[in-house]
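Please view the sequence and the structure together before reading on.

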Amino acid sequence: MAAIEDYKPGLAGVPAALSEISYVEGLQGTLEYRGIPIHELAQHSSFLESCFLLIWGHLPSLDELQAFEHEIRYHRRLKYRIRDMMKCFPESGHPMDALQACSAALGLFYSRRALDDPEYIRAAVVRLLAKIPTMVAAFQMMRKGNDPIQPRDDLDYAANFLYMMNEREPDPLAAKIFDVCLVLHAEHTINASTFSARVTASTLTDPYGVIASAVGTLAGPLHGGANEEVIEMLEEIGSVDRVEAYIEGRIKNKQKIMGFGHRVYKVKDPRAVILQGLAEKLFAEYGGDRYYDIALAVEQAVEKRLGAKGIYPNVDFYSGLVYRRLGIPSDLFTPVFAIARVGGWLAHWKAQLGENRIFRPTQIYSGQHAQPYISIEERTLSKVFPSLEATNGKKA
Ligand code: ACO
């Protein structure tokens, strides 16, 4: 039986997998995909090439990459029944909920499950990578009362998503920067949503259920949902001169500052460093964003007060500013994160299948034993409505 000293809330520091997929070191701020530093991939790779690397463990040859990109290009369309299902979603619903429902619904259409067949694995990888961006863009169009924009086979992955979002072909620099954002968000060891994906995968369910469970986990404000809240915070602050008081107030009230802190990194997240550079590039090319100055002041104010505790900007702090400049509304920031993270989740799904043992941790029971069963009448009268019991008593 496990002892109370073994219990680690949040499983902090407990190894849950043996993995070659990615590596994080929190004191230097290192992130590698299959041993390749993230800044190398951000500079030289593309999102789909990085996904191939994460999932199959090696950089693809030119033929392999072209075949992979080609397959994904031709699987971007959605079944009309999925579009019809989306039409029934309330416009006010959060796009992450829509994405979770649609990811799970894919399993209805591709119900054959052959988890030991490499062709099945590849087809599921292709479908999920191809269709998730189309789902996000389709929900965006439909909630505005418009028909979804059909994907364009002549555009690459990032450009096609921005096109489906805005019905305009993006500038090549904007598409390139968006592709780099996807590379940066593709994988990050055993975080909450990846753990969720691995737990679901370990039951040998279908890959659409695996991705749906991971999407649900990513949606929370302590995980992927933080990027949306960062922009809300910058809006609430409103101007640089209010930053100090705002940060001081939150720390005094023991409230978290969104976009800061990380379970592993005790320095500035390497992805935040690259994203900040991308934001500056975008502002130089397409004009500044007044929230950027507020963000810089927030970073300084937090570092001054919490830097000694190892609390620095994480990946979510600057990503929202980049997405805003690319014309992506703030409640789509987390779905965009999901589009990228599908690459990592699929890599972990495939790895989990290769070494599977169903996840079944233990618990430390801290409740009581051998309690009597109290009938509903007795509970209602004596516990819930004590005054009523008294009245009843008088009448009787
Ligand atoms: N603002 C203020 N204080 C913070 C912050 C923050 N953002 N993050 C951590 N702290 C403080 C805590 O109050 C706590 O202080 P204490 O020791 O005095 O009680 C200490 O640092 C440790 O914090 P925990 O929440 O216990 O750290 P944990 O590793 O469990 O959580 C997490 C990490 C969830 C990311 C946390 O830093 C947080 O809530 N950040 C804000 C939300 C956010 O930006 N999430 C995105 C993370 S990146 C991602 O998921 C993609």
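A salt bridge is counted where a side-chain nitrogen of Lys or Arg lies within 4 Å of a carboxyl oxygen of Asp or Glu. By this rule the structure, which is a predicted model, holds 14 salt bridges. Side chains of opposite charge can pair when their charged atoms come close.

A pair of aromatic rings is described by the distance of the centres and the angle of the planes. For phenylalanine 260 and phenylalanine 317 the centres are 4.7 Å apart and the planes stand at 55 degrees, and the pair is classed as tilted. Phenylalanine 260 is found in the loop between α12 (243-252) and α13 (270-286), and phenylalanine 317 in helix α15 (residues 315-325), so this pair ties together parts that are 57 residues apart in sequence.

The discussion now turns to the domains. The protein chain is divided into domain 1, made up of 15-223 + 329-354, and domain 2, which covers 227-322. Between the C-alpha centres of the two domains the distance is 26 Å. Domain 1 brings 29 residues to the contact, and domain 2 brings 24 residues.

How much area is buried between domain 1 and domain 2? The value is about 2,100 Å², and carbon and sulfur atoms give 69% of it. Of the area that domain 1 buries against domain 2, Ile177, Leu184 and Phe333 supply 25%, more than any other three residues. Across this interface the rule finds zero salt bridges, but eight residue pairs are in polar contact there.

Which elements form the side of domain 1 that touches domain 2? At least two residues each are supplied by β1 (22-25), β2 (30-33), α1 (38-44), α8 (172-185) and α16 (333-354). Helix α8 gives the most to this side, with seven residues. Sorted by class, the side of domain 1 that touches domain 2 has 14 nonpolar, eleven polar and four charged residues.

Definitions and conventions:
Residues are numbered from 1 along each chain as its sequence is written. This is a predicted model: local features need pLDDT of at least 70, side-chain atom pairs count only at pLDDT 80 or more; totals for chains, interfaces and linings use all residues. Side-chain values use heavy atoms; hydrogens and water are left out. Domain bounds come from an automatic or database domain assignment. Contact means heavy atoms within 4.5 Å. Buried area is the accessible area (1.4 Å probe) that two parts lose on being put together, summed over both. A polar contact is a pair of N or O atoms within 3.5 Å; within protein, one must be able to donate a hydrogen and the other to accept it, and residues adjacent in sequence count only if both atoms are side-chain atoms. Helices (H or I, at least four residues) and strands (E, at least two) are DSSP runs, numbered from the N terminus. Ala, Val, Leu, Ile, Met, Phe, Trp, Tyr, Cys and Pro count as nonpolar, Asp, Glu, Lys and Arg as charged, and the others, Gly among them, as polar. Rings of Phe, Tyr and Trp (its six-membered ring) pair if their centres lie within 6.5 Å; planes under 30 degrees apart count as stacked, over 60 as edge-to-face and the rest as tilted.
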